Protein chains: 2
Amino acid sequence: MKLGDGVEQAVHSVTMLAVLPEGGLLSAAALAEFHGVSPSYLLKHLQALSAANLLATVPGPKGGYRLARPAEDITLLDIVLAVEGPEPAFRCKEIRQKGPNPLPKSAFQRPCQINAAMLRAERAYRAELRAVTVAQLVREVEEADHDGAIARRGCAFLDANIRHTPTSR
Amino acid sequence: MKLGDGVEQAVHSVTMLAVLPEGGLLSAAALAEFHGVSPSYLLKHLQALSAANLLATVPGPKGGYRLARPAEDITLLDIVLAVEGPEPAFRCKEIRQKGPNPLPKSAFQRPCQINAAMLRAERAYRAELRAVTVAQLVREVEEADHDGAIARRGCAFLDANIRHTPTSR
DNA sequence: GGGTCCTTACTCGGATATATCATGTCCGAGTTTTTGAGG
DNA sequence: CCTCAAAAACTCGGACATGATATATCCGAGTAAGGACCC
């Protein structure tokens, strides 16, 4: 039961991208610098988010990442699944069928109840993550920062590093 | 987001110990053979369960494992935490505090909202596991095996391998 | 025959190698910008 | 001065080392059972 550190980086990065004004962009290098993490490693996870159609990329100089859809339509679950993979944490190896005197497969048509219980728990976990949108997360973070110090630092960094989608011509 | 295979082995082993008659014992070797897994590896997890006071051990020849308390008082959560460790899956590294222009620690007195959301989900996960007792699991497994083939195989194996707690004198 | 002691064999417990996956890094393909020349 | 084209630089994307953790294993300490011996 362990989540990789990449999940935290991914969520923070998506949250930061969510506060950009319309058409704003940030490069992977800027996101990595702001969070103090390895650029190459963060890039790996940003690519996973991009492959999952959560982020859109703009190539070339002055390029970068932006959200692929409104922050209201991106949930924490989307991010976690994109980074960690869609497989459930508990994978039943069906060891009840192993051992001596193996019974015919027909005896195990009913699903393993242990597996079922574990998956029920995981379903609850995912439901809780699905209920939290990135937009909601941004509101909570802003409310918790009531003296505005964190927001000021973020804005200063954005002013120095923000980019814009090329004007379509 | 991945659980080790030891969890499945541990749950199956505890479930098997739960169907023993009063005072019954099973050795780690017998449990490993029945489930078709590495004895040494299963032993490792049984020791973890023993350290968590879920299982009691009887040393010496004709020794083995038994439940340390009634099956109604052992939950899936107990087993998972004993095997995987008590730390939550998501561990906030506080990367919001890192990066350039680090703010004073006083600015981050409020907990990280992202961490809070992840922990909420994990709390739901654990609550679901805590709601399932081993006794309940045994009932479900028995109900799912309506033609009795699985139970017969289990009983045959038990008759050949069961032991008993030494009569206290 | 009964009791006591000793040997023995089996158990769990912890320390030790190996495999696998997450972490961290690198180089290459692609695209936009920029810059220069030409008209 | 404007247009066009070519080169360059910066971006993301995927393939490649490294380290930590889970997996698998082995050997040692401890204990109850079984047997032999003595009373």
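The entries below follow the order in which I looked things up.

**Ground rules.** I am working with a predicted model, in which local features need pLDDT of at least 70 and side-chain atom pairs count only at pLDDT 80 or more, while totals for chains, interfaces and linings use all residues. Residues are numbered from 1 along each chain as its sequence is written, chains are lettered from A in the order in which they are written, and side-chain values use heavy atoms, without hydrogens and water.

**Two copies.** I superposed the copies by least squares on the C-alpha atoms of residues with pLDDT of at least 70 in both, and chain A can be laid on chain B with an RMSD of 0.1 Å by a turn of 180 degrees and a shift of 0.0 Å along the axis. The two copies are therefore related as by a two-fold rotation axis.

**DNA strand C.** Which residues are the closest to DNA strand C? Among the 22 residues that surround it, they are Asp5(A), Ser40(A), Tyr41(A), Tyr65(B) and Arg163(B), where a residue is near if one of its heavy atoms lies within 4 Å of the strand. I noted that sugar and phosphate make up 59% of the atoms of DNA strand C that come within 4 Å of the protein.

At Lys44(A), an N or O atom of the side chain is 3.5 Å from a base oxygen of DNA strand C.

Note on methods. Polar contact = N/O pair within 3.5 Å; in protein donor to acceptor, adjacent residues only side chain to side chain.
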